[in-house]
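Here are my notes on the model you sent over.

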Amino acid sequence: MAQKPAHPSANPPVGPLPDDGQGVVVAERKAQRTKPPSLFQVVLLNDDFTPMEFVVMVLQEFFKHDLETATHIMLKIHHEGRGVCGVYTKDVAATKVELVLAAARRTGHPLQCIMEAA
């Protein structure tokens, strides 16, 4: 019993393609370069109402600074009006800002925390 030949497009030719005199196009692979994620700094702003102890606690709890470093940053905020708490990727920085703002609201302090491109 003879088999019926398959439809010509069902089995594409295997092997070298016929040379029509036009040459062969070779696609080169380029190594993809991924750039590192953008970084953002989390900044606390000075106000006349938030206690210094609360700012130090925020710096220790949310930014993992030791007491000496937290005190130094708190004094910088107090004297210069703002201080950088840390530098993070966008998602982490946004989360830290929200955590600080929520803690300040819970305790009734007007402390402001922002993020800006580093």
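This is a predicted model: local features need pLDDT of at least 70, side-chain atom pairs count only at pLDDT 80 or more; totals for chains, interfaces and linings use all residues.

1. A couple of overall numbers. Of the 118 residues in the protein, 27% are buried. Take the contacts between residues at least 6 apart in sequence, and 71% of them join residues at least 24 apart.

2. Now helix 1 against helix 2. Their axes are 9 Å apart and the packing angle is about 130°. That makes helix 1 oblique to helix 2, and the crossing is right-handed. On the helix 1 side you'll find M52, V55, V56, L59 and Q60; they meet L67, A70, T71, I73, M74, I77 and H78 in helix 2. Sorted by type, the residues of this contact come out as 9 nonpolar, 3 polar and no charged.

3. Helix 1 (residues 52-63) and helix 3 (residues 90-107) have axes that come within 11 Å and cross at roughly 140°. Helix 1 is therefore oblique to helix 3. This crossing is right-handed. From helix 1, the residues involved are F54, V58, F62 and F63, and they meet K96, L99, V100, A103, A104 and T107 in helix 3. The contact of helix 1 with helix 3 divides into 8 nonpolar residues, 1 polar and 1 charged.

4. The ring centres of F63 and Y88 lie 6.4 Å apart with the planes at 35°, so the pair is classed as tilted. F63 sits in helix 1 and Y88 in strand 2 (residues 82-89), and the two are 25 residues apart, so the pair links distant parts of the chain. F63 and Y88 are both buried. F63 also turns up in the contact of helix 1 with helix 3.

5. K64 is in the loop between helix 1 and helix 2 (67-80). What is the phi of K64, which is not a glycine? The value is positive, about 60°. K64 has a relative accessible area of 66%, so this residue counts as exposed.

6. Over to strand 1 (residues 39-45), where F40 has its place. Is F40 buried or exposed? With a relative accessibility of 16%, F40 counts as buried. Setting aside neighbours within four places in sequence, F40 is in contact with G86, V87, Y88, T89, K90, A93, M115, E116, A117 and A118. One of these, T89, is 49 residues from F40 along the chain, yet their C-alpha atoms are separated by 5.9 Å. Y88, from the aromatic pair, is also among the contacts of F40.

7. Q41 is in strand 1 as well. At 19% relative accessibility, Q41 counts as buried, because the cut-off is under 20%. Not counting residues up to four places away in sequence, Q41 touches V84, G86, V87, I114, M115, E116, A117 and A118. Compare that with the list for F40, which includes G86, V87, M115, E116, A117 and A118 too.

How values were computed. Residues are numbered from 1 along each chain as its sequence is written. Side-chain values use heavy atoms; hydrogens and water are left out. Axes are lines fitted to C-alpha atoms, for helices over the stretch in contact, and angles run from 0 to 180 degrees between N-to-C directions. Helices (H or I, at least four residues) and strands (E, at least two) are DSSP runs, numbered from the N terminus. Angles under 35 degrees count as roughly parallel, over 145 as roughly antiparallel, 65 to 115 as roughly perpendicular and the rest as oblique. A crossing is left-handed if the near helix is turned anticlockwise from the far one by less than a right angle, and right-handed if clockwise. Contact means heavy atoms within 4.5 Å. Ala, Val, Leu, Ile, Met, Phe, Trp, Tyr, Cys and Pro count as nonpolar, Asp, Glu, Lys and Arg as charged, and the others, Gly among them, as polar. Rings of Phe, Tyr and Trp (its six-membered ring) pair if their centres lie within 6.5 Å; planes under 30 degrees apart count as stacked, over 60 as edge-to-face and the rest as tilted. Buried means under 20% relative accessible area, exposed over 50%, partly exposed in between (1.4 Å probe, protein chains only).
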